[in-house]
Amino acid sequence: MSWTLWGLAILAGLGGLALGGGYLWLRGSLPETQGSVRAAGLNAPAEILRDADGIVTIRAESEHDAALALGFAHAQDRLWQMDFTRRSAAGRIAEVVGARALSFDRFMRTLGLYRVAEANLAGLPDETRAVLDAYTAGVNAFLDSRDGPLPLEFQILRYEPEAWRPADSLVWGRLMALQLSGNWRDEILRTRLAKRLTAEQISFLWPAYPKDAPTTLKDLAKAARGIPLERFADILPWDLAPKDASNAWVLDGTRTRSGAPILANDPHLALSAPGFWYLARIETPERTLSGATAPGLPFMIMGQNGHVAWGFTSTHSDTQDLFIERAVGGDPARYQTPDGPRAFTTRRETINVRDQAPDIWTVRETRHGPVISDAIAKDLDDGKKSGTVLALAWPALRADDRTGVAFHGMNRARHAGEFVTALQNFHSPQQNIVYADTRGRIGFAAPGRVPVREGGDGRQPVPGWSGEYDWSGVIPFQDLPLAKDPANGSFISANNKIAPDGYRYLLTADWPAPYRAQRIESLLNGDARTGWTIERTMKAQLDVASPAARALLPLLLSTPTASERGAEALAILRAWDGRMTRDAAAPLILYAWAGTLTRRLMADELGPAFDKFSNPKFAILTSILRHAPVWCDDVASEPVEDCPGQAAAALETALTELDRRFNRPLKQLRWGEAHVARFAHPILDQVPLAGAFFGYGLETPGGTSTVNRGSTAYGAGPDRRFENIHGAGYRAIYDLGDPANSRFMIATGQSGNPLSPWYGNLARRWRDGQYLKLVGPKTGTERRLRLTPP
């Protein structure tokens, strides 16, 4: 027995040594942040300085050398993220993870985003191409100079990154356009619902925009039979699926204490580790840029350049249409057009798949765009093709997209006029952009290519053979929503409607609920309209009052209840001020109740499509309780149910679920305990123990409709319900009177390497509403890496 114990002890010790040795070896993947490195392509010495938080300041003698140094820094800190992003956009994930990524890769190859990026690259002017080439040289200089192991993700997936190419940078923009353009999914969902619901019921699920809400500038189901629409529902992973939320506003000097404009911006994307954004300060003799960069791109995406500051929100415009194309006599090689039969444009695609034979297939395109239904029904060669297919029309797939040129011009703009001129090249995705300059000018613009339709409103797939729904062009830039220096001294953009009812073009038939815009408007235009400061703007950006909860709650408080716990829950809700704070019980009770009520009211009508509505939408519930009680009846049961009875039953179900999960008195419940932001790594989270070891989570305030947004998960299982999955990964407040006084924060950390001290070091400060200044490290405290020409 003693010898056995000694043997086990020795084995355990050896295992510990192996783990320790492996850990020390992997720490060699952390980049050198001090010393000197020769970098091919550099024209003069440049410096990469890092402060105690790992935030980079780049000092270079030219725009070219600054781009090269930024590429080097991005590769040091986010190499695997950059590589996996370009692989995702190119449809090359199966090469490293195997067949489970095949459906995703087929879809991305069908879209052809990487081919589009290569075509965009060929059309760039020389000066923008030179910046991309310099950035590419910087990434490759790091790859050539590193001498340690690759980061952990490469070790787990057992592959090495290829050299960087300029098109790898441009394809980031195509991938972001996909994330911010989601109408094609709504078109498919409406068509699925048409099998069960009337047109009036479907319209109800996309509520009309309220007349008094903020305005920034005041039968096909049968035709689509045979197309497996339900398989499109989850073709994109959560991180890449379209989402719609961000906040931005700008105040001119008449509204601020300093007399200079203040601009606030917080774009919302999926919360994950590493995050989307990378803070940087870039100093050259021509300008100083500071703000959010995107690993893989040489430009400042959101930020300031010493003259102009700018921020983004998603327009939520409809720039995508699905066309139902009809094959000629069942011939998979030809389809019908208004001018007669036409041959599909085709190309062969080969997807290399780890541990199995390559997947070789044919992509078809029509005059409208790629046939995306082929990506999920890949049986062309078997001759079993349906008589109809779906083709996607989308301006982001155009070869002449010049959005990269727009970013280059925005970074260089010396005043508002030059900035707006640069926006003429901003082609996709359409975005709302607020801007201000140091001369005191403020403005709003919504650049992008938006189709002008011959017919229809873009809500459902339309016949492609008739020509009556074709596009006649795009809205001219000068006719897009553009404005500057308003009389009230402010612009607000929070995914709300941006053009008045009389606007001559169709931007979209559906606008998101205006809750966040309403709250921002009340904060900016309340009793204290003037005297705004950076600190006061920070407080507004972190506001957690929920207009959606305040609208829904009065309709629920009269719910009859015969139980003691139901009465206690109603008492807690009556005493609540509508603020989604971490320590409050009421938000958790309300969200749980809204979820069970949504299921009772809608699951019977929606059937299999209910999963797309299970996350409670307060605007729909409010509309049902106010105007459409017919939804309260369960169509599958004999008696006719009413809304009060359904609300009472839903409350009891919600309280039972909360008791099962938390097992404590109602008044001791805490919203933050359920509303946890988990910064999961897309690869490490799939590896046993690694996800728990390297992942991290924080209790967070806010909700889906608060300014400090934290969109909730509902379908992740009862023990992870209401987690915070989508929010402000970047916050910035720009002071145009003193750019050095501007404030910034990202949700995670600068590094994408889980072994780095800068991997998640900013998360708690982000949650707690703290900000940083990007003024460069204090002399003597920085880590300084000097890049020199060879």
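These legends describe close-up views of a predicted model.

**View 1. The largest nonpolar core.**
This core has 153 residues. W277, W310 and Y730 have the most contacts inside it. Helix 2, residues 63-90, gives the most to this core, with 14 residues. A second, separate core has 60 residues, among them Y515, A585, L601 and A619. In soluble globular proteins, nonpolar side chains tend to be buried together.

**View 2. The surroundings of W277.**
Neighbours within four places in sequence are left aside here.

**View 3. The largest cavity.**
The volume is about 370 Å³. The lining has 30 residues, and W172, M176, I301, F407 and P429 are the closest to the centre. Helix 8 (166-179) supplies the largest share of this lining, six residues. Strand 5 (262-270), strand 8 (300-304), strand 9 (308-314) and helix 12 (403-412) each supply at least two. By class, the lining holds 16 nonpolar, 11 polar and three charged residues.

**View 4**
Helix 2 gives the most to the lining, with four residues. Helix 12 supplies at least two. The lining divides into eight nonpolar, three polar and two charged residues.

**View 4. S88 in helix 2.**
S88 lies in helix 2. Is S88 buried or exposed? Its relative accessibility is 10%, so S88 counts as buried. The side chain of S88 reaches the backbone oxygen of F84 at 2.8 Å. Y23 is 65 residues away from S88 along the chain, and their C-alpha atoms are separated by 29 Å.

R106 belongs to helix 4, residues 102-111. R106 counts as buried because its relative accessibility is 17%, below the 20% cut-off. Which residue does the side chain of R106 join in a polar contact? The partner is D359, with the two side chains 3.2 Å apart in this contact.

Note on methods: Residues numbered from 1 in each chain as written. Predicted model: local features only at pLDDT ≥ 70, side-chain atom pairs only at ≥ 80, totals over all residues. Heavy atoms only, no water. Buried < 20%, exposed > 50% of the residue type's maximum accessible area, 1.4 Å probe, protein only. Polar contact = N/O pair within 3.5 Å; in protein donor to acceptor, adjacent residues only side chain to side chain. Core = buried A, V, L, I, M, F, W, Y, C linked by side-chain atoms within 4.5 Å. Contact = heavy atoms within 4.5 Å. 1 Å grid on protein atoms, 1.4 Å probe; cavity = no way out; pocket = protein on both sides within 12 Å on 5 of 7 lines; lining within 4 Å. Points joined across faces, edges and corners; volume = space filled by probe spheres on them. Nonpolar A, V, L, I, M, F, W, Y, C, P; charged D, E, K, R; others polar.
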